Amino acid sequence: MTTLDQLLPGQRGEIVRIDGADGIASRLREMGFIPGEAVEYLRRAPLGDPVKCSVQGCRIAVRNGEARRVFVQPIG
């Protein structure tokens, strides 16, 4: 298991859990980061933050600090 920010571009993972019980964790869940969903790491911004990913058919950019709270099991 690893965190979303540690995946490589093009790599997919299944969301295992979201760390925290605060507003940021709630916001991530509202954006579709739900345990059991697949997420694909698309790319990192030129300066390294944010990261762009795809979850539930939507492309979303999240900051590295938020991506480190999303634990995933790499697929494939």
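**View 1. Pro-50 in the loop between strand 3 and strand 4.** Pro-50 lies in the loop that links strand 3 to strand 4 (51–55) of this predicted model. The peptide bond joining Asp-49 and Pro-50 is cis, with omega about 10°. Most peptide bonds are trans.

**View 2. Gln-56 in the loop between strand 4 and strand 5.** Gln-56 belongs to the loop between strand 4 and strand 5 (58–62). Its phi is near 55°, a positive value in a residue that is not glycine. Most residues other than glycine have a negative phi. Gln-56 counts as partly exposed because its relative accessible area is 44%, which falls between the limits of 20% and 50%.

View 3. Six strands make up an open sheet, ordered 1-6-2-3-4-5, with antiparallel pairing. Strand 1 and strand 5 are the edge strands, each pairing on one side only. Strands of a sheet pair through backbone hydrogen bonds, either parallel or antiparallel.

**View 4. Strand 2 and its two partners.** Strand 2 (residues 12–18) and strand 3 (residues 38–44) run antiparallel and are joined by three bridges. In this pairing Gly-13 stands opposite Val-39 of strand 3. Strand 2 is also joined to strand 6 (residues 70–75), by six bridges, and these two strands run antiparallel. Here Arg-17 stands opposite Phe-71 of strand 6.

**View 5. Thr-3 in strand 1.** Thr-3 is part of strand 1 (residues 2–3). With a relative accessible area of 12%, Thr-3 is buried, because buried means under 20%. The side chains of Thr-3 and Asp-5 make a polar contact at 2.5 Å. Leaving aside neighbours within four places in sequence, Thr-3 is in contact with Ala-67, Arg-68, Val-70, Phe-71 and Val-72.

**View 6. Arg-68 in the loop between helix 2 and strand 6.** Arg-68 sits in the loop that runs from helix 2 (64–67) to strand 6. Arg-68 counts as partly exposed because its relative accessibility is 46%, between the limits of 20% and 50%. Apart from neighbours within four places in sequence, Arg-68 is in contact with Thr-3 and Asp-5. Arg-68 and Ile-18 are 50 residues apart along the chain, and their C-alpha atoms are separated by 9.1 Å.

**View 7. The largest nonpolar core.** This core has 17 residues, of which Leu-4, Ile-15, Ile-18, Phe-33, Val-39, Val-62 and Val-70 touch the most other members. At least two core residues come from each of strand 2, helix 1 (23–30), strand 3, strand 4, strand 5 and strand 6. Strand 4 supplies the largest share, three residues. In soluble globular proteins, nonpolar side chains tend to be buried together.

**View 8. Surroundings of Phe-33.** Phe-33 is one of the core residues that touch the most other members. Setting aside neighbours within four places in sequence, Phe-33 is in contact with Leu-4, Ile-15, Ile-18, Leu-28, Val-39, Cys-53, Val-55, Ile-60, Val-62 and Val-70.

**View 9. The annotated region, residues 2–74.** An unreviewed UniProt entry places the feature "domain: Ferrous iron transporter FeoA-like" at residues 2–74. Over residues 2–74 the chain is 16% helix and 42% strand. The C-alpha atoms at the ends of this region are 8 Å apart.

Technical notes: Residues numbered from 1 in each chain as written. Predicted model: local features only at pLDDT ≥ 70, side-chain atom pairs only at ≥ 80, totals over all residues. Heavy atoms only, no water. Pairing = 2+ DSSP bridges. Helix = DSSP H or I, 4+ residues; strand = E, 2+ residues; numbered from the N terminus. UniProt positions renumbered as here; feature names shortened; annotations may be inferred. Buried < 20%, exposed > 50% of the residue type's maximum accessible area, 1.4 Å probe, protein only. Polar contact = N/O pair within 3.5 Å; in protein donor to acceptor, adjacent residues only side chain to side chain. Contact = heavy atoms within 4.5 Å. Core = buried A, V, L, I, M, F, W, Y, C linked by side-chain atoms within 4.5 Å.
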